[in-house]
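I opened my notebook to look up how side chains meet in this structure. Come along as I go through the entries.

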Amino acid sequence: MADDYLVRIGRLIRDARQHRGWTQSQLAEALGTSQSAVNRIERGNQNISLEMIARIGEALDSEIVSLGYAGPMHLRVVGGRRLSGAIDVKTSKNACVALLCASLLNKGRTVLRRVARIEEVYRLLEVLSSIGVRTRWINGGVDLELVPPAELDMGAIDAEAAVRTRSIIMFLGPLLHRMDSFRLPYAGGCDLGTRTIEPHMIALRRFGLDVAATEGQYHARVDREVRPDRPIVLTERGDTVTENALLAAARHDGVTVIRNASSNYMVQDLCFFLEALGVRVEGIGTTTLTVHGVPHIDVDVDYSPSEDPVEAMSLLAAAVVTESELTVRRVPIEFLEIELAVLEEMGLDHDRTPEYFADNGRTRLIDLTVRPSKLEAPIDKIHPMPFPGLNIDNVPFFAAIAAVAQGQTLIHDWVYDNRAIYLTDLNRLGGRLQLLDPHRVLVEGPTRWRAAEMMCPPALRPAVVVLLAMMAADGTSVLRNVYVINRGYEDLAERLNSVGAQIEIFRDI
């Protein structure tokens, strides 16, 4: 019991430190102690007095311990309010996590600009720190610096953090170049049904990687004699599968051709980053990538990931569902063109600025102004396709949009086993959604939203869809245990409040 108490205190201190953008060394300096002592405290491996807790709380400007246990975070939403003004799209969550994994390829210093401050990133940083990578927030906590050690300590990996993110699977590609054998905890993440790693294994076996899954871990061994002698054909045009193959190919001494590759936004950002490391990648934006690997990468690199098209879609949907006029700035239009074309056919009233480039100099952005519109249900069903089709992660937002449109809309979410089921949570808020099977939902609109109190769905995008519906519903709603939203969105409640929403963050006493 005492050990569990120390671990919980340590987590609170760690989260408060990261929220402030401090390293363990900076906190140690403020406390007049050592970095190793702070590390032991955060891991729950050191007894800690109330006086020390108070000193830490004062240094971090955070109430570390209050009466009662700090339970899950909840949102109280006063709905029926119109949004107005302008809001910026943050950098891509999926690109940022891929770049954190890709930093393991580099023996030099990596700086990533405007990294998303989200739980998924924090979990990966905990894992990287535990195996010896020096990570620190710089420039007022806006940018992130990563410096790897000469040798990674995989035996010290933070398994608890690792199992809370599916992104840990992308350690396989870079690690196979750094060691002959290693272990990784099973990948976690959203509850989206059965998702095997076999497509990853099919690609990575071509680089000599063999993985056995036992006792909650992946046991990996690398045969250096095995090299890809012909093009690698991915059995799934998945984003993380493509990224893992790219990460393996980046330090392969030779040319690797990857076919049936995803050309989605996070894959393109990873390719741009690899080019900054000195790896030549041909075919970016297509389904065939040719990678000219560099066996040894030791460079100081500075890279700016682009904006997140799924967050842009979230903000666009917030304006539509609340019948608001809102300008969404820094929208990566290349990855939202199909969505906007569908919405135009439904009757969306909007304007867009001329295109300009993101900070990476490659991704095309626009500013998009959405106005209240009388929408009609689309004639065809809404269904995702690999890029350049309608983005898989944007499908759930069409459930909320279809709910305010006149007529019936069929949504076919064929990729994930469970996600369509979570969309029926909108019925608790007045929606009329009929689940036809685990992948198809029929949405009847328009909807008269009503307030409700409910648990947050365990999948990221349906959880945000529920939040948007609560913003449209007259009255006060409560959405409980919103950790899954914090996995993918930075300060979403505060940012929506800045354009007119009324969302309060609270915890149970």
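**Entry 1: salt bridges.** I call it a salt bridge when a side-chain nitrogen of Lys or Arg is within 4 Å of a carboxyl oxygen of Asp or Glu. I kept in mind that this is a predicted model. I looked up Arg113 and found that it forms a salt bridge with Asp143, with 2.7 Å between the closest N and O atoms. Arg113 sits in the loop between strand 3 (110-112) and helix 6 (119-130), while Asp143 is in strand 5 (residues 143-147), so I noted a link between distant parts of the chain, 30 residues apart. Arg113 counts as partly exposed at 23% relative accessibility, whereas Asp143 is buried at 6%.

Entry 2: Which residue does Lys90 pair with in a salt bridge? I found Glu490, the closest N and O atoms being 3.9 Å apart. Lys90 lies in the loop between strand 2 (86-88) and helix 5 (93-102), and Glu490 in the loop between helix 17 (483-488) and helix 18 (492-497), so this pair ties together parts 400 residues apart in sequence.

Entry 3: Asp351 and Arg371 meet in a salt bridge at 2.9 Å, N to O. Asp351 belongs to strand 15 (residues 349-352) and Arg371 to strand 17, so the pair joins parts that are 20 residues apart in sequence. Asp351 is partly exposed, with 41% relative accessible area. I then noted a network in which salt bridges with shared partners join Arg14, Glu119, Arg123 and Glu126. How many salt bridges are there in the whole structure? My search found 35.

**Entry 4: aromatic pairs.** Searching the whole structure, I found three aromatic pairs. In one of them, the ring centres of Phe273 and Tyr303 are 5.8 Å apart with the planes at 70 degrees, so I wrote down edge-to-face. Phe273 is in helix 11 (residues 265-276) and Tyr303 in strand 13 (residues 301-303), 30 residues apart. Are these two buried or exposed? Both Phe273 and Tyr303 are buried.

Phe335 and Phe387 make a tilted pair, 4.9 Å centre to centre and 45 degrees between the planes.

**Entry 5: charges over rings.** The charged end of Arg76 sits over the ring of Phe506, 4.0 Å from its centre. Arg117 has its charged end over the ring of Trp137, 3.9 Å from the centre.

Conventions: Residues are numbered from 1 along each chain as its sequence is written. This is a predicted model: local features need pLDDT of at least 70, side-chain atom pairs count only at pLDDT 80 or more; totals for chains, interfaces and linings use all residues. Side-chain values use heavy atoms; hydrogens and water are left out. Rings of Phe, Tyr and Trp (its six-membered ring) pair if their centres lie within 6.5 Å; planes under 30 degrees apart count as stacked, over 60 as edge-to-face and the rest as tilted. Helices (H or I, at least four residues) and strands (E, at least two) are DSSP runs, numbered from the N terminus. Buried means under 20% relative accessible area, exposed over 50%, partly exposed in between (1.4 Å probe, protein chains only). A charge sits over a ring if NZ of Lys or CZ of Arg is within 6 Å of the ring centre and within 35 degrees of the ring normal.
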